[in-house]
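These are my notebook entries on one chain, written while I looked things up in its model.

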Amino acid sequence: MRRFGRTLVTAALAVTVVGGTAGWASGESQSAVTGPPPGTAAWRADTAYGPLPDPATATPHEVARFFAGLDDAARTALVRTHPLVVGNLDGAPVPLRYEANRLAVVATGEARYASLAAPDRRILAFDPRGRGQVAEVFGDLEHAAHVSVIVPGSDNDATSHDARRAPHTGPAGMARALRTATETPLADGPVAGGSVAGGPVAAGPVAAGPVAAGPVAVIAWTGYTTPVGVGLDAADGRLAAAGALRLARFTAGLDAVGAPDPVLFCHSYGSVVCGLAARHTDAADIVALGSPGMRADTADDLRTGARVWAGRGPSDWIADVPNVSFAGIGHGADPTSAAFGARRVPAADVRGHAGYFTPGTQSLAAFAAIAKGEVR
């Protein structure tokens with residue numbers, strides 16, 4: 001009974017800390033956008049090219065095989081007739097998705113999305129439902145030797161994903177910073193020493209190994225309904241569970257078009273999404289940064305073949321969130337703790353909760369090495 005009482009007290013503390021001084025009212029409850037994209041009914045009814053793959057049930061590999069059997073005229077016709085479906089259809093050819101999403105963005109007529117239709121944007125997914133979801137590619141995904149995916153946390157959507165804010169923050173800012181960092185050669189030896197706040201993590205610092213040549217593409221994946229503020233949505237796993245399904249399918253789509261196994265960089269609540277998706281992806285590495293927990297007690301509990309990494313800066317407020325899980329509230333063990341068993345990402349010079357991709361930091365240097373496959 002005494003132990004149960006301590007658990008209740010800890011859970012109450014978690015509620016207080018995550019809720020902030022304004023309590024649960026400081027965050028709006030969100031309805032997760034799920035299911036196939038808008039326009040699916042019309043897509044299913046279109047018989048001009050035989051039965052089309054059902055966005056709700058066809059696997060990304062089945063989608064890829066379908067498009068491989070079409071000629072250019074048929075592909076173009078489907079893009080123009082069903083842009084929202086083709087643009088969000090995991091397994092469809094990458095150039096078709098870019099063009100489909102440009103058309104889909106323009107078709108909304110909404111000024112808040114207009115910049116996404118610019119000729120230099122590579123929009124791999126766009127869903128205007130709710131607050132909007134988007135995935136944007138930085139680099140040449142079709143010819144990349146390495147692919148990284150940024151999975152962001154709260155307060156991100158299709159409008160804010162590339163909004164003006166502090167440099168190198170937000171999904172697009174993080175993706176740009178990482179891609180730029182991967183173009184800088186890494187010196188031999190450890191990327192950085194020291195330990196992360198909360199104690200060293202089991203596997204030691206990142207170490208340089210043989211260079212795996214080839215360009216890196218980075219995807220800013222704002223592909224799920226994120227929490228708003230610090231309310232109940234940020235403290236439970238409901239939105240993360242819905243996001244994990246979408247992330248798993250998205251990575252399967254990358255595999256279906258021949259992209260390399262990705263590295264997932266999972267920030268804040270995004271690390272909860274990655275923790276729940278881990279066993280269902282073919283990720284080569286999963287990196288949790290500024291994480292409130294991954295809904296697992298240890299890295300082994302993620303049941304993934306990926307290498308698992310974790311880092312937290314000394315001034316990141318996420319350290320004040322108790323690592324508990326009670327009645328669905330809280331996200332469990334601290335991924336930077338020695339007991340969790342993740343490899344250590346050095347982050348001693350990171351400032352705040354959103355500074356992990358700041359140029360010149362130990363963390364960004366480590367991320368670039370991981371993204372390029374330069375670590376043992």
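**Entry 1, the chain as a whole.** I note at the start that this is a predicted model. I looked up the secondary structure and found eleven helices and eight strands in the chain. I then looked up burial, and of the 376 residues in the chain, 54% are buried. For the contacts in the chain with a separation of 6 or more, I read that 70% are accounted for by residues 24 or more positions apart.

From α9 the contact is made by Arg238, Leu239, Ala240, Ala241, Gly243, Ala244 and Leu247, and from α10 by Tyr269, Val272, Val273, Cys274, Leu276 and Ala277. When I sorted the contact of α9 with α10 by class, I had eleven nonpolar residues, one polar and one charged.

I turned to helix α4, residues 72–81, and helix α6, residues 94–108, which pack at an angle of about 30 degrees with their axes 9 Å apart. Angles under 35 degrees count as roughly parallel, and α4 and α6 are therefore roughly parallel to each other. The crossing in which α4 passes α6 is right-handed. In the contact, Arg75, Val79 and Arg80 of α4 meet Leu96, Glu99, Ala100 and Leu103 of α6. By class, the contact of α4 with α6 divides into four nonpolar, no polar and three charged residues.

How many disulfides does a search of the whole structure find? The search returned one, and I identified the partners as Cys266 and Cys274, with their sulfur atoms 2.1 Å apart.

I placed Thr40 in helix α2, residues 40–45, and with 5% relative accessibility Thr40 counts as buried. Leaving aside neighbours within four places in sequence, I found Thr40 in contact with Pro55 and Val85. Asp54 lies in the loop between α2 and α3 and is partly exposed, with a relative accessible area of 23%. The C-alpha atoms of Asp54 and Thr40 are separated by 8.0 Å, while the two residues are 14 residues apart along the chain.

Is Val216 buried or exposed? With a relative accessibility of 6%, Val216 counts as buried, and I found this residue in strand β4, residues 216–222. Once neighbours within four places in sequence are left aside, Val216 is in contact with Phe138, Ala144, His146, Arg179, Thr182, Ala371 and Lys372. For one of these, Lys372, I looked up the C-alpha separation from Val216 and wrote down 6.8 Å, across 156 residues along the chain.

Terms used:
Residues numbered from 1 in each chain as written. Predicted model: local features only at pLDDT ≥ 70, side-chain atom pairs only at ≥ 80, totals over all residues. Heavy atoms only, no water. Contact = heavy atoms within 4.5 Å. Helix = DSSP H or I, 4+ residues; strand = E, 2+ residues; numbered from the N terminus. Nonpolar A, V, L, I, M, F, W, Y, C, P; charged D, E, K, R; others polar. Disulfide = S-S within 2.5 Å. Buried < 20%, exposed > 50% of the residue type's maximum accessible area, 1.4 Å probe, protein only. Axes fitted to C-alpha atoms, helices over the stretch in contact; angles between N-to-C directions. Parallel < 35°, antiparallel > 145°, perpendicular 65-115°, else oblique. Left-handed = near helix turned anticlockwise from the far one by under 90°.
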